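Please read them with the structure open beside you.

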Number of protein chains: 2
Amino acid sequence: MDQERPVKLSDISKALNLSVSTVSRALNDSHEIGEETKRMVQSYASKVNYRPNLIAQSLKEMNTRYIAIIVPEISNSFFAEIVNGVEFVANNQGYHVVIYQTHDSTEREINIIRDVARRKADGLLLSPSTNQTEVNEVMKSIGAKLPVVYFDRVPSDNYCHKVVCDNYQAAFEATSWLIQQGKRRIAHMAGPSGISISIERLAGYSAALLHAGISVDPNLIRYSNFLAREVWDNLRDLEEKYQPDAYFASSDRLSFYCYEAVQRLPEPRASEVKIVGFTNAPFAHLLRPKLSAIVQPAFEMGKISAEMLLNTITKKNKDIEYGFIKLPAVLKNTE
Amino acid sequence: MDQERPVKLSDISKALNLSVSTVSRALNDSHEIGEETKRMVQSYASKVNYRPNLIAQSLKEMNTRYIAIIVPEISNSFFAEIVNGVEFVANNQGYHVVIYQTHDSTEREINIIRDVARRKADGLLLSPSTNQTEVNEVMKSIGAKLPVVYFDRVPSDNYCHKVVCDNYQAAFEATSWLIQQGKRRIAHMAGPSGISISIERLAGYSAALLHAGISVDPNLIRYSNFLAREVWDNLRDLEEKYQPDAYFASSDRLSFYCYEAVQRLPEPRASEVKIVGFTNAPFAHLLRPKLSAIVQPAFEMGKISAEMLLNTITKKNKDIEYGFIKLPAVLKNTE
DNA sequence: CCATTTTACGCAATCGTTTGCGTAAATAAT
DNA sequence: ATTATTTACGCAAACGATTGCGTAAAATGG
């Protein structure tokens with residue numbers, strides 16, 4: 001028969017005529033409990049299926065053995081892979097990973113950060129949608145030593161832990177590859193102008209053009225907020241006025257929206273225009289015509305982020321040594 | 001200056017020369033606290049950025065105001081949409097949603113369920129990878145009144161809450177459409193044979209064939225565990241021996257693995273073989289040749305699941321009335 | 001054989017909240 | 001003016017676990 005109510009230490013202590021503290025120590029295999037008593041307690045506990053109440057434990061220990069990760073959208077393969085890398089490391093060290101998504105809403109993001117702090121997560125992995133100063137505000141206001149590692153989109157200052165891929169290099173290579181294919185009028189579909197990844201990818205794109213002796217035309221650079229409508233509007237405008245011969249899309253979603261819009265163009269443009277974009281979608285290589293992909297080492301990024309975070313959690317008394325890791329991305333699905 | 005340590009009730013009570021209980025009541029707007037005192041306390045609390053410790057609250061209240069959802073893989077668009085539906089409802093009612101993934105591992109699934117119980121989540125949404133009797137075992141052993149709603153993959157018994165899409169109908173329509181297209185040798189790439197969705201989809205497939213006067217050939221039915229390798233092996237074998245003229249794939253991942261394998265076949269088969277499969281991938285419609293898609297109302301399923309769960313959580317004293325909701329799926333991307 | 005250490009356990013405080021109950025002072029009722 | 005009621009607050013227990021400290025009994029030492 002199944003008990004109606006989870007069994008707790010005092011249930012065991014009553015049943016065995018022992019004190020609660022003795023039971024607790026016996027279950028934790030303390031040296032100050034007799035071997036025989038330990039066996040008694042442990043066998044009884046497993047018989048009645050005792051499981052310590054993690055809330056009570058957390059309150060006492062002031063840690064929760066879980067870390068939180070906040071991402072814009074879990075369905076985005078890039079972030080899903082990051083989460084998998086994080087789980088891989090965290091689970092090995094006995095930590096659980098709690099996933100939150102912001103759907104690119106600043107309000108949600110702030111609420112989640114506050115909640116994570118109030119629930120006393122042991123650490124936080126964050127790729128902020130929100131602008132930097134606002135994130136700083138929130139971080140201050142929670143008034144706690146909540147260890148944070150930023151990934152993908154990171155603050156510019158150096159007093160925090162950061163894990164990114166080499167966006168500049170990746171954008172440089174992608175753009176250079178398009179140039180090698182004979183393209184000269186390369187449009188850049190960029191993300192929001194404020195955030196780190198947009199800035200670095202734009203820089204790489206510009207550098208590649210200049211390196212090839214092509215001047216950077218601001219008209220060919222379009223910012224948008226990961227929304228299909230904005231990408232489509234930008235693309236229509238570009239097509240009407242400038243007819244680029246290639247597109248470089250700066251993120252997963254932008255890549256697909258851009259690809260879709262190009263495919264809807266009348267021939268021969270639909271098949272002539274080349275597209276290269278950041279994406280970790282596992283099925284991107286199935287598209288015809290091809291979508292050339294800059295693939296980030298997302299799983300690895302997740303692993304490293306989690307390792308950095310867990311390090312600062314366990315060595316929290318030591319002086320902090322801020323880390324900044326930058327990993328290479330690779331260009332795939334070229335011909 | 002930011003405080004080093006989160007401020008707690010006793011900090012406020014000392015600063016204001018009040019008792020902790022008075023402070024607590026003042027912050028909770030209790031009627032037995034004077035208006036002036038309330039204002040004092042509230043303004044001071046917000047000045048020092050007081051946030052109640054949710055762990056302590058949970059321990060006292062014996063609820064946590066969050067629900068857990070366990071899915072095989074968050075990168076799977078179907079499950080990601082479900083999660084979004086769940087969040088939509090839960091957040092509106094003041095609940096947080098904690099997402100876990102099993103990666104189709106029974107061991108992970110069981111560990112997660114145990115952990116969810118120990119952390120005293122107020123409820124659980126579950127699409128079990130694990131076989132039914134084993135799940136029942138675990139549910140018994142946690143010895144708690146943890147409300148559960150099953151979705152997608154559900155147990156066969158009627159003493160639980162369930163939300164699914166009409167798999168039989170969807171499979172019937174998909175298969176019938178292939179028959180209308182003139183296909184007769186339709187292979188079925190099915191999921192693991194034990195679980196509800198596989199059984200129902202197979203039934204719909206078979207019924208459609210019989211309805212059209214085509215006999216069901218067991219050789220054309222292949223089970224697999226959502227692994228690319230298995231799908232590819234099955235497909236190679238089918239191609240060598242039976243040369244089906246169409247494939248019906250029974251899940252998101254199976255659809256893409258199957259599509260990919262077919263595209264690698266030598267022409268003219270690659271473009272002649274028609275494929276229809278379950279998928280909620282947002283970019284499935286970009287594929288050429290087409291992948292016809294059975295799209296499940298995932299967001300809706302998530303919403304309904306969450307509503308059912310929150311109902312049983314808040315009305316837990318009332319007698320339980322088990323619900324079983326079945327929603328229609330639609331066939332898209334046909335010509 | 002007595003003094004000292006070790007063994008094995010219990011008592012009580014603690015983590016940060018909430019809440020039932022008790023009680024002074026203030027107000028209202030008679 | 002005396003009693004009854006309300007108002008506004010404090011004390012202490014509780015949620016379930018962990019742990020420092022105290023202390024009998026047992027083991028050890030000289």
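**Notes on the model**

1. Of the 335 residues that make up chain A, 56% count as buried. Please keep in mind throughout that this is a predicted model. The accessible surface of chain A comes to about 15,200 Å², and carbon and sulfur atoms account for 50% of that surface.

2. The overall dimensions of chain A deserve a careful look. A compact globule of 335 residues would have a radius of gyration near 20 Å, whereas chain A has a value of 26 Å. Along its principal axes, the C-alpha trace of chain A spans about 85 × 45 × 30 Å.

3. The secondary structure of chain A comprises 13 helices and twelve strands.

4. How do two helices of chain A pack against each other? In general, a pair of packed helices is described by the angle between the two axes together with the distance between those axes. Helix α1 (residues 9-16) of chain A packs against helix α2 (residues 20-27) of chain A at an angle of about 105 degrees, and their axes are 8 Å apart. Because of this angle, α1(A) is roughly perpendicular to α2(A). On the side of α1(A), the contact is made by A:Leu9, A:Ser10, A:Ile12 and A:Ser13, and on the side of α2(A) by A:Val20, A:Val23, A:Ser24 and A:Leu27. Sorted by class, the residues of this contact between α1(A) and α2(A) are five nonpolar and three polar, with no charged residue among them.

5. Helix α2 (residues 20-27) of chain B and helix α3 (residues 35-47) of chain B pack at an angle of about 85 degrees, with a distance of 9 Å between their axes. The angle therefore makes α2(B) roughly perpendicular to α3(B). From α2(B) the contact involves B:Thr22, B:Val23, B:Ala26 and B:Leu27, while α3(B) contributes B:Thr37, B:Lys38, B:Val41, B:Gln42 and B:Ala45. By class, the contact of α2(B) with α3(B) holds five nonpolar residues, three polar residues and one charged residue.

6. In chain A, the peptide bond from A:Arg288 to A:Pro289 is cis, with omega near 0 degrees, and A:Pro289 lies in the loop between β9 (274-278) and β10 (292-295) of chain A. In chain B, the peptide bond from B:Arg288 to B:Pro289 is likewise cis, with omega near 0 degrees, and B:Pro289 is placed in the loop between β9 (274-278) and β10 (292-295) of chain B.

7. Which residues other than glycine have a positive phi? One of them is A:Asn49, with phi near 65 degrees, and A:Asn49 sits in the loop between α3 (35-47) and α4 (54-61) of chain A. With a relative accessible area of 25%, A:Asn49 is partly exposed. Another is B:Asp29, which has a positive phi of about 60 degrees and lies in the loop between α2 and α3 of chain B.

8. Is A:Val135 buried or exposed? This residue belongs to helix α7 (residues 132-141) of chain A, and A:Val135 counts as buried because its relative accessible area is 4%, where buried means under 20%. Leaving aside neighbours within four places in sequence, A:Val135 is in contact with A:Glu109, A:Leu126, A:Pro128, A:Thr130 and A:Tyr150.

9. In chain B, B:Val97 is found in strand β2 (residues 96-101), and B:Val97 is buried, with a relative accessible area of 3%. Not counting residues up to four places away in sequence, B:Val97 touches A:Ile99 and A:Tyr100 of chain A, as well as B:Ile67, B:Ile69, B:Val86, B:Glu87 and B:Ala90 of chain B. The residues B:Val97 and B:Arg65 are 32 residues apart in sequence, and their C-alpha atoms are 9.0 Å apart in space.

10. Finally, B:Asp166 lies in the loop between β5 (161-165) and α8 (167-180) of chain B. Not counting residues up to four places away in sequence, B:Asp166 touches B:Lys326, B:Leu327 and B:Pro328.

Technical notes
Residues numbered from 1 in each chain as written. Chains lettered and ligands numbered in written order. Predicted model: local features only at pLDDT ≥ 70, side-chain atom pairs only at ≥ 80, totals over all residues. Heavy atoms only, no water. Axes fitted to C-alpha atoms, helices over the stretch in contact; angles between N-to-C directions. Helix = DSSP H or I, 4+ residues; strand = E, 2+ residues; numbered from the N terminus. Parallel < 35°, antiparallel > 145°, perpendicular 65-115°, else oblique. Contact = heavy atoms within 4.5 Å. Nonpolar A, V, L, I, M, F, W, Y, C, P; charged D, E, K, R; others polar. Rg over C-alpha atoms; globule rule 2.2 N^0.38 Å. Buried < 20%, exposed > 50% of the residue type's maximum accessible area, 1.4 Å probe, protein only. Areas by Shrake-Rupley, 256 points an atom, 1.4 Å probe, with all protein chains shown as cover.
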